[in-house]
Amino acid sequence: MGLVQFISPRIGGDWSMSCRSHQPISLLKMARMCNVPLPVHCQKGVCGACAVKVTPEGKQQQLCLNVFEKQTLQGLGKLPAMLAGEDQKLWKGPYWRLACQCIVGTGDQFFVAF
Ligand code: FES
C-alpha cells in the first residue's frame with residue numbers, strides 16, 4: 001500500500017492530509033483522491049506547476065524520472081546535478097518531483113510538501 005502524507009506551509013497552520021492507495025498511481029491522482037489542492041496545469045510534465053518536495057520515508061527508493069520530468073526539473077533548477085545524468089539512483093530526498101509524473105508504488109511512503 002502506498003502512503004503519502006501531504007503538508008503545505010501555503011495552506012498554513014498544521015494542515016496535513018494522509019492518503020493511501022493499493023495500486024501504483026501518480027502523486028497527482030492520489031492528491032485528487034483525497035481532495036488535496038495541489039497546483040496543476042498541463043498534467044504532462046512540461047509546465048512545472050505541480051513541482052512538490054518529496055521525502056521518502058523508511059527504506060531508500062529508486063528515483064525514476066522520465067524524460068519530461070527530468071527536463072522540466074532541470075529547467076526550473078530543481079534537479080540536483082548528481083541526478084541529472086542517470087535514469088535511476090537510490091535516493092533519500094528531499095527532492096523536487098512533478099506530482100503529475102511521480103508514481104507512488106504500493107510499497108512507497110512519502111512526505112510531500114507543496
Ligand atoms: S502539471 Fe505541468 S508539469 Fe505537472
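Modeller: Happy to! pLDDT is the predictor's confidence in each residue, from 0 to 100. The protein averages a pLDDT of 87, and 84% of the residues score at least 70. This is a predicted model, in which local features need pLDDT of at least 70 and side-chain atom pairs count only at pLDDT 80 or more, while totals for chains, interfaces and linings use all residues. Residues are numbered from 1 along each chain as its sequence is written.

Biologist: Which elements have the lowest and the highest mean pLDDT?

Modeller: Where pLDDT is low, the predicted coordinates should not be read in detail. Here strand β6 (residues 88-91) has the lowest mean among the elements, 59, and helix α1 (residues 27-33) the highest, 95.

Biologist: How many helices and strands are there?

Modeller: Both are DSSP runs numbered from the N terminus: helices are H or I over at least four residues, strands are E over at least two. This protein has 3 helices and 9 strands.

Biologist: In what order do the strands form the open sheet?

Modeller: Two strands pair if DSSP finds at least two bridges between them. In this case 5 strands line up as β2-β1-β9-β4-β7, with mixed pairing. β2 (16-21) and β7 (95-98) each have a single partner strand, so one side of each lacks a neighbour in the sheet.

Biologist: How many bridges join β1 to β2?

Modeller: Strand β1 (residues 2-7) is joined to β2 by 6 bridges, and the two run antiparallel. For example, V4 has C19 in β2 as its bridge partner.
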